[in-house]
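Have a look at the model first, then read on.

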Amino acid sequence: MHFDYSAKTQSFVTRLKAFMDEHIYPTEQEYIDAVHDSAERWTTPKIMDDLKTKAKESGLWNLFLPEEYLPYGAGLTNLEYAPLCEEMGRVLWSSEVFNCSAPDTGNMEVFARYASDELKKVYLEPLLNGEIRSAFAMTEPAVASSDATNIETSIKREGDEYVINGRKWYTSGAMNTNCKVMVVMGKTDISAERHRQQSQIIVPMDAKGVTVIRPMQAMGYYDEPIGHAEVTFDNVRVPASNLLVGEGEGFAIAQGRLGPGRIHHCMRLIGCAQRALDLTCERVEQRIAFGQPLSKQQSVRESIAQMHCDIEQSRLLTLKAADKMDRYGNKVARDIIAAIKIVAPSMACRVIDQAIQIHGAAGTSQDFPLSATYAYARTIKLADGPDQVHMMQLGRNLVKDHAAKS
């Protein structure tokens, strides 16, 4: 077992780190101020377009797309992409610079794999070029959406169209003025087998009957300019060709996109945690308490050591999951994917919380990214399936496997 990244991966990491040092960190506060000072809080600042142009020119574009989607992306495996995702995770908004932000990444894979040539031209190509944004509408306020079979949004066939009715919330990306399309999860046949009732369909944001009700806060943050929206669908009609794959394929499509998506979330969280640790190491050398730098306090040293250990454990587990996915596919790797989704968000919450504690009041302020990254980490303990669902499924699978071996 080799723990070093390949020469190809190391080359991309070196180039990405250099780009971050030259273009992202120096403009980090400028971007945040541009968002907060804008009269149109859901419009992405021009600085993002400028950075996207630089990323394209540097060959750091669509890095998430694997080899099967060439020439759309860089052709990297999950294992090769993982450390790049970690590096981008150090600054919450930087993934968009490289056209690697959720939910666009998952939606682009879905479009590339399942959409018709016509829909690819209308939506996939602009997404790949970073010209538009997209949203994924699954979670609903009226039901426990951690059990996706509860989803109530209806998708009914009427002639050459499907009619959609329902209410979604925390539809990430839907508040942005540049969001032009949603992938919507709903039910096409409530009489079918439990996991064959659901389907996914493409819905333009400007379709008649689509109403964005309000932005939703996540841990007190609106995540401008992207946002999480509450959206209603009132007799929304789209062509039957907008249905992805076919009726009853919603779960299969979701599982295909969630495997890589969970790797991406976990590695971004590791980037958040690593930056929190780096900031903490700087802070403890600068602050004096009880007559000496914080770095001389034994409790602080112990906290930093534990933070490092927690990050390394999560990083190695996530890389192992990425490697297993590459070798054997999402289905075979499902248990370790569940494990990283349990481990990484909790780790990031612990590490960032400790970083805030060591920073004192400043750690909760706008002068450091810690409170925003903590909110992100805590939210991811719910997104893509809450911890309890992954623990339930992983525990069930482990007991079943043990029984089969006995």
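Helices (H or I, at least four residues) and strands (E, at least two) are DSSP runs, numbered from the N terminus. This is a predicted model, so to speak of local features takes pLDDT of at least 70, side-chain atom pairs count only at pLDDT 80 or more, and totals for chains, interfaces and linings use all residues. Residues are numbered from 1 along each chain as its sequence is written, and side-chain values use heavy atoms, with hydrogens and water left out.

**Positive phi**
- Most residues other than glycine have a negative phi, and most peptide bonds are trans.
- Met219, in the loop between strand 6 and strand 7, has a positive phi near 55°.
- At 49% relative accessibility, Met219 is partly exposed (buried is under 20% relative accessible area, exposed over 50%, partly exposed in between; 1.4 Å probe, protein chains only).
- Tyr170 sits in strand 3 (residues 161-172) and has a positive phi too, about 50°; with 33% relative accessibility, Tyr170 is partly exposed.

**Cis peptide bonds**
- Glu224 and Pro225 are joined by a cis bond with omega about 5°, and Pro225 is in the loop between strand 6 (210-215) and strand 7 (228-239).
- The bond from Ala102 to Pro103 is cis as well, omega near 0°; Pro103 belongs to the loop between helix 4 and helix 5 (104-114).
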